[in-house]
Amino acid sequence: MADPVTLSPEFGTSAPVDEITDKRLLRGARTRQLVLGRAVDIASLESLEGLSFGRLALATGLSKAGIQILFRTKESLQLATVDHARSMFNDFVVQPARKKPRGVERLRELIERWIEYAERPLFAGGCFFAPNLAEFDSRPGPVRDCLVRAQRGWTNLLSAELDCAVEQADIAYLDSDLAAFQIDAVIRSANTAMRLGDDAAAHKIRRVLESILTPSAEASARGEKNRMQRNRRRQA
């Protein structure tokens, strides 16, 4: 049976419906990525409240009506922007850190990746989440809920790696939830400091992290044993 076709009046030819549908979907996906790429930068500079269909039309060169067809409402646009920012953060910070062994090494890598994410910056305004959490923390609704999920996902990740470091006896026992809260508070403060030109902000983050990663007695003993073995090898 022949493929269903649709006539193309511009050229007087025909093309399979599936092919046209696939091309339209691909074009729509590319347009969506273009819009969201600009939206995350605007939202990192001016918060999610700074987003509008008209603003994005000017920023992308697309029609306002075309963007509105993609997202329908401002709230849908805001939610899609948060999801896009979270995906970018995950790709840049979280996934590369997963290559490191769990515990202290992965924690250090997570923080180093976060520092690079904020210093580069990945988003025009630095950390995407810091200003938007401040903007929506007292405004219940789907946008706030979406931001809270992203925030809790990050602090839960830090807490899990701290727990792992304790279980492996690499660091002394600590309250992992409290330590994760402290680390997150410091890096959000550092984001502001970086935007204000504080060149020492990254160093301060590292100092705070290392103060939290106090070696356990077992880890200290292992380190001393390794040091003595190295000294014996040198003397041999």
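Buried means under 20% relative accessible area, exposed means over 50%, and partly exposed lies in between, with a 1.4 Å probe and protein chains only. Keep those cut-offs at hand for every stop.

This is a predicted model, where local features need pLDDT of at least 70, side-chain atom pairs count only at pLDDT 80 or more, and totals for chains, interfaces and linings use all residues. Residues are numbered from 1 along each chain as its sequence is written, and side-chain values use heavy atoms, with hydrogens and water left out.

**Stop 1: Ser47**

Select Ser47. It sits in the loop between α1 and α2. Helices are DSSP runs (H or I, at least four residues), numbered from the N terminus. Ser47 is not a glycine, yet its phi is positive, about 75 degrees. Is Ser47 buried or exposed? Ser47 counts as buried because its relative accessibility is 6%.

**Stop 2**

Side chains of opposite charge can pair when their charged atoms come close. Here a salt bridge is a side-chain nitrogen of Lys or Arg within 4 Å of a carboxyl oxygen of Asp or Glu. By this rule the count comes to 13 salt bridges.

Lys74 is partly exposed, at 33% relative accessibility. Glu49 is partly exposed too, at 33%.

Arg139 has a relative accessible area of 33%, so it is partly exposed.

Which residues complete the picture? Select Glu135 as well: Glu49, Lys74, Glu135 and Arg139 are linked in a network of salt bridges.

**Stop 3: Arg72**

Step to the loop between α3 (64-71) and α4, where Arg72 is found. Arg72 is another non-glycine residue with a positive phi, near 70 degrees. At 60% relative accessibility, Arg72 counts as exposed.

**Stop 4: Arg113 and Glu116**

Move to helix α5 (residues 104-119). Arg113 and Glu116 are 3 residues apart there, so about one helical turn separates them. Their side chains meet in a salt bridge, at 3.6 Å from N to O. Arg113 is buried, with a relative accessible area of 17%. Glu116 is partly exposed, at 31%.

**Stop 5: Pro121**

Select Arg120 and Pro121. What joins them? A cis peptide bond does, with omega about -15 degrees. Pro121 lies in the loop between α5 and α6.

**Stop 6: a negative patch**

Finish with Asp163, Glu167, Asp175 and Asp177, which form a negative surface patch. Such patches take residues with over 30% relative accessible area and no salt bridge, joining like charges within 9 Å. Asp and Glu count as negative, and the place of a charge is CG of Asp or CD of Glu. Asp163 is in helix α7 (residues 142-167). At 33% relative accessibility, Asp163 is partly exposed.

Key
Patches are made of residues with over 30% relative accessible area and no salt bridge: like charges are joined within 9 Å, nonpolar side chains (Val, Leu, Ile, Met, Phe, Trp, Tyr) within 5 Å. Accessible areas come from the Shrake-Rupley method with a 1.4 Å probe; for residues, only the protein chains shown count as cover. Helices (H or I, at least four residues) and strands (E, at least two) are DSSP runs, numbered from the N terminus.
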